[in-house]
Each structure stands twice: as C-alpha cells, then as structure tokens.
Amino acid sequence: MTYVLQLADTCLIHAQRLGEWCGHAPVIEEDLALTNMALDLIGQARALLTHAGALEGAGRDEDQLAFLREERDYRNVVLVELPNSAASPSDGSGGRDFALTTLRNAAVAIWLELLYEKLLDSTDPELAAIAAKALKEVRYHRQHASDWVVRLGDGTAESQARMQAALAVLWPYVNELFAAPGVDGVGPAWKDVEAEWRARWGTLMQEATLSLPRDSALRTQGHLGVHSEHMGHLLATMQYLQRAYPGGVW
Amino acid sequence: MVNLEAARARLASLPDPEIPAVTLVELGIVRDLRETGAGLEVVLTPTYSGCPATELIADDVRAALAEFGPVTVTLQRSPAWTTDWISAEGREKLQRYGIVPPQCSAEQAIRFVPQLRCPRCAGGRTEQLSRFGSTPCKSTWRCIECGEPFEYFKSI
C-alpha cells in the first residue's frame, strides 16, 4: 500500500500545484494545457488512491485518503510540493514561476513515464491497468513540457536565465525521485529508472542549452512522510472544503 | 427476461455528453452490455483517467436503461481505451461537427503531429496551437487560411 501511495500522492500533489495556474497561465492555450495535465494526474491519483484503499482494507475511499490524512501520512516526493515559485508571492509574481513549473513538470513526466512503463509488468493487475492508461497520458505531458523546456532554455537571454535559476532551485530535490524501494513483482524500486531518467534529462538539458548544477547531497524524504514547510500550507488549501463540510460530495 | 435488443438500441442512441454529435458506442466507450442475475450490466471504459464526463456518462447510461430493470455500470480500465476504437461512422460525424478525427494510430501518436485540413474551409495550411484543448481528448488548432480555430481529437 505504501508503494501505491507514494505514486498516488506524488500525482495528487503535483496536480494540485499545476491546478494553481488555472486562470493565471501566460497564454490561454497554456492555461488549458496545465489544467488538462492536472486533470489527468488527478484521475491517476484517484485510481491509485482507490486501489491503495482497497489494499489497506480498512474501508477508506479515494476522498478519505486524498482529503482526510495528516501531513505525515502523505507519501509524495518533496519536489512536487514545492511552491510554483521560489520567490515570495508578494514580489509581483503571484507566487508563480512558469520556468520552475515547466521544468518540474518535465522532470516528473519523464519519471512517471519510465515508472509506468515498468508497472505494465506488475503482478498486481489493477496497478498494471492503471499504468497502461496513465502511460498514454504522461507521454503527452512529457512531450509538451519538454517542448517548453527547450523553447525557454534555448530562447532569449531572459528566458534562459530564468530557466537556469529554476533548475538550480529544483535540482537538489530530484534525488528523491530514485529513493523509494520497490515491492517484489509489484513495482520496481525507483532506483531502477534512475539511469534512464538521467540520460533523458541530460539530452533535454543539452537541447535546451541549460547546464546542470552540481549534484546535491540533499536527500528529501517526502516518500517516508517527512515533508517541507510548504506541505502544510498546501494541505490547508486542498483539504479545506472536506474539513469544513465533512463527507461532502459532488 | 430483458429485451436485450431494445436495450442495446437504446444504449446506441446515447450521445456523449461533451461531444453530443457522436454516440458513446461510436466513441468506443461502451465495452459490453450483458444480462446478469441482477439485471443489466453495462461495461464502460474511461477515455482519460481524469475525464470528468466519465461519471456523467455512467449516470446517463443508468437513466437511459432504467426502464429495462436494475442496471449496474462497471468501469473497466484494461485494456486501456484508444482512439483506434472510434468507429468509422463516429469519425465522419466528428468531422462534420468540426472536430477533426484522429489521423493516425495510437502507436504513432506522440512524436507525430499530423498535417490537418481545416474542417470548415478544407484549407490545408493549419497549425497546432496547443497539444491540449477544451476537453482532455482534444488539442487546439487554427486554420491559417480562414483564420478559424478548430479542434483535433488526438490519437491516444
């Protein structure tokens, strides 16, 4: 169940951050794109959380898992809970940095694509079915986000500087994408996708004329429930409605 | 004894809630209609994991078949839905409705950006504005010749 939650929560929290762009993206096409990707990820999280609830066998459904757990019970990587901007929301950016969002989106999409490909062979048929469905979607996400990374990285001096700055912020958190152990037959250790992820990321950075920062010793542990200071704020927003109106449904 | 033929015909008449020009059966969302001990069972497959229409579709199906007795709707995820399952008739209707149907198989879908013809003026000079659109299944395009935007049902 923990393995499924680590994947489910990473999709869920990533979607929550992408969804914060709704109505704020630089162009309307991108507004649709970011929210469409968020929607796909929420769909994946729903399926995974439902499955996690079934594995747990305690009668918790997707809503209870998504909205009624405490911070330490979430198993997403810290990378996806970081705000959409490293700067303060009061600096005029509204707390949104498209460079950071785009880079993170590409990093997570490549990672999910690699994991889902491996999960096609899972001995857990439900997990394999979810992966088959989700794989088609994250391929679009990866393609879309990568195009933007190249366009902005290999763009103007301003866009490149901002991408490079965002990369410096995110890079230490990437380590966690390879931290969680696997479950025999059910799902691969995240480490198993590291080499391929780094190869693809390297190619993308080259295309985008971005240089990789030095590797960091930071080892965040969101997948073990140890989160950053941002997680509580994110959950306050995300859980508000369900906490205010317990049991509320559409 | 349920009149399966009549139920099947009723099911085949149900439009997609978001793209009413085509039916659910034409889109390939309906996997199966069968009789069980407890009434009718309809097996549906979601198009995209997060497609918000999925629940609406299940409600529509239940309501439409209610006259035939108790109805269970089952969601089946595997094998994953693909645009390859959209029927020829469905494709034609999409085109007439102004949504260009998928132009390649799901396998080719990601790298391949097709050269589309504008569904309004048939102009051949078109460009993709975004890989995403007003619903998860579509992307947004523009015709350079007539200037009109249009949508493309992307292969998946």
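Across all chains of the structure, 27 salt bridges were identified in what is a predicted model. In chain A, a network of such contacts links Glu113(A), Glu117(A), Arg139(A), Arg142(A), Glu196(A) and Arg200(A). Within this network, the side chains of Glu117(A) and Arg139(A) form a salt bridge with an N to O distance of 3.8 Å. The pair joins distant parts of the chain, Glu117(A) lying in helix 5 (residues 98-119) of chain A and Arg139(A) in helix 6 (residues 125-153) of chain A, 22 residues apart. Glu117(A) is partly exposed, at 28% relative accessibility, and Arg139(A) is likewise partly exposed, with a relative accessible area of 28%.

Glu20(A) contacts Arg17(A) at 2.8 Å, N to O; Glu20(A) is partly exposed, with a relative accessible area of 30%, whereas Arg17(A) is buried, at 7%. Between Glu194(A) and Lys191(A), the closest N and O atoms are 2.7 Å apart. Here Glu194(A) counts as buried because its relative accessibility of 16% is under 20%, while Lys191(A), at 53%, is exposed.

A nonpolar surface patch of about 400 Å² is formed by Tyr240(A), Leu241(A) and Tyr245(A). Leu241(A) belongs to helix 9 (residues 229-244) of chain A and is exposed, its relative accessible area being 55%.

In chain B, helix 1 (residues 4-12) packs with helix 3 (residues 53-65) at an angle of about 140°, the axes being 10 Å apart. Helix 1 of chain B and helix 3 of chain B are therefore oblique to each other, and helix 1 of chain B passes helix 3 of chain B in a right-handed crossing.

Technical notes
Residues are numbered from 1 along each chain as its sequence is written. Chains are lettered from A and ligands numbered from 1 in the order in which they are written. This is a predicted model: local features need pLDDT of at least 70, side-chain atom pairs count only at pLDDT 80 or more; totals for chains, interfaces and linings use all residues. Side-chain values use heavy atoms; hydrogens and water are left out. Patches are made of residues with over 30% relative accessible area and no salt bridge: like charges are joined within 9 Å, nonpolar side chains (Val, Leu, Ile, Met, Phe, Trp, Tyr) within 5 Å. Accessible areas come from the Shrake-Rupley method with a 1.4 Å probe; for residues, only the protein chains shown count as cover. A salt bridge is a side-chain nitrogen of Lys or Arg within 4 Å of a carboxyl oxygen of Asp or Glu. Helices (H or I, at least four residues) and strands (E, at least two) are DSSP runs, numbered from the N terminus. Buried means under 20% relative accessible area, exposed over 50%, partly exposed in between (1.4 Å probe, protein chains only). Axes are lines fitted to C-alpha atoms, for helices over the stretch in contact, and angles run from 0 to 180 degrees between N-to-C directions. Angles under 35 degrees count as roughly parallel, over 145 as roughly antiparallel, 65 to 115 as roughly perpendicular and the rest as oblique. A crossing is left-handed if the near helix is turned anticlockwise from the far one by less than a right angle, and right-handed if clockwise.
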